[in-house]
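Here's a quick briefing on side-chain contacts and surface charge. Have a look at the structure first, then read on.

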Amino acid sequence: GLIFYDTKVTVMNRVLNATVQRTADHAAPEITLDPLEIVGGEIRSSENSYFCQAARQLACVPSSQLCVKLASGGDPTYAFNIRFTGEEVHGTSGSFRHFLWQVCKELQSSSLSLLLLCPSSAVNKNKGKYILTPSPITYAEEQLFHFFGQLLGIAIRADVPLPLDLLPSFWKTLVGEPLDPDGDLQEADILTYNYVKKFENINDETELEALCAEIASQHLATESPDCPNKPCCKFTYLTMMGEEVELCPRGRHVPVGWENKDVYAAAIRSLRMRELQTPECMTAVRAGLGSIIPLQLLTMLTPLEMELRTCGLPYINLEFLKAHTMYQVGLMETDQHIEFFWSALEMFTQEELCKFIKFACNQERIPFTCPCKDGGPDTAHVPPYPMKIAPPDGAAGV
């Protein structure tokens, strides 16, 4: 945390370029995707998604073939090339960036089950933020999590920010930082956090009885075996997937009382922490990421910096974009129609700006750093930098 982010990125980029395994004399792997499988934006089966189509085809490609130098130039080298069935596309950049945008859409939808909306989003806290799905995984799902990790590394080498909205707890676990049992629980599941706090803050048995009565009215408690008319809670709780589990051996038969209420609260907190860390899923993700970039790099990044490097900023900074725009022959920044152009963009909402960037360069987010900021030549730029504004084709005035 004592080193500037840009300094870390410089070191990181040198390491990434020093660990290239596919040289220029090796052809890039190529995958073929069928757009008709997701026609209309609806995916009838997860197997038809771009994510699964790509995972199947790249499972046979050695990860060393995906370790390329950092992207640079107008049509940079990427980990793999994409061919769309029935479409003839010139260049590889546009289709590659469109692929990454599409798989992020799929990952954050009901078509794939790798990510889960955090429970807090149900009450409008951290709305639209995702976590890894906390459930036992099959071998096939483990392979998909591995590919998800590879995509994170591939995007870093490609310098294409992924439009993923993941909770900070994901990035903490990814870089190996411990979770905060208080703050991270509140971020992910505010209702469980409040529930646990109620038990932790009870001062006497009367308050405990009142709390159990309140919970009983919400159908979460049962009657005490000692006093049939007195409601009580048992050592069970719902997982994030909605499954009731026992918090201790024979938990369904263990009532919560004054002497064990703190044990009950701690057990619920521990359950949620395990679900947020999802060790089996995260191990697969880290293995996939480690096959593309050296995992030692993660030790120098904070969770927020890792998110910035992988996903960029979730908003478009117009001033930053304006500072990295080129005006081609005959155009100047002071031209009236250029001023109109920027004035129009200034009136756009963030959602509309993302759509503009998607239209212009096939990605929703723009990288947080730009080579020319440090005096780098134009050839080092990766789309969307520099954004080029050109005069119209054809006769003047047409």
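Predicted model: local features only at pLDDT ≥ 70, side-chain atom pairs only at ≥ 80, totals over all residues.

Searching the whole structure turns up 19 salt bridges and 14 aromatic pairs.

- Arginine 272 meets aspartate 189 in a salt bridge, at 2.8 Å from N to O.
- Arginine 272 sits in helix 9 and aspartate 189 in the loop between helix 6 and helix 7, so this pair ties together parts 83 residues apart in sequence.
- Arginine 272 also bridges to glutamate 275, with the closest N and O atoms 2.7 Å apart; those two are both in helix 9, three residues apart, or about one turn.
- Arginine 272 counts as buried because its relative accessibility is 4%, under the 20% cut-off, and glutamate 275 is buried too, at 7%.

- Arginine 83 and glutamate 30 pair up at 3.2 Å, N to O, linking strand 2 to strand 1 across 53 residues.
- Both ends are partly exposed: arginine 83 at 40% and glutamate 30 at 44%.

**Aromatic pairs**
- Phenylalanine 235 is buried at 4%, and tyrosine 264 is buried at 1%.
- Ring pairs connect Tyr195, Phe199, Phe235, Tyr237 and Tyr264 into a cluster.

**Surface charge**
- Asp204, Glu205, Glu207, Glu209 and Glu259 make up a negative surface patch.
- Glutamate 209 lies in helix 8 and is partly exposed at 40%.

Conventions:
Residues numbered from 1 in each chain as written. Heavy atoms only, no water. Patch = residues over 30% accessible without salt bridge, like charges linked within 9 Å, V, L, I, M, F, W, Y side chains within 5 Å. Areas by Shrake-Rupley, 256 points an atom, 1.4 Å probe, with all protein chains shown as cover. Salt bridge = Lys/Arg side-chain N within 4 Å of Asp/Glu carboxyl O. Lys, Arg positive; Asp, Glu negative; His and termini not counted. Charge placed at Lys NZ, Arg CZ, Asp CG, Glu CD. Helix = DSSP H or I, 4+ residues; strand = E, 2+ residues; numbered from the N terminus. Buried < 20%, exposed > 50% of the residue type's maximum accessible area, 1.4 Å probe, protein only. Phe/Tyr/Trp six-rings, centres within 6.5 Å; stacked < 30°, edge-to-face > 60°.
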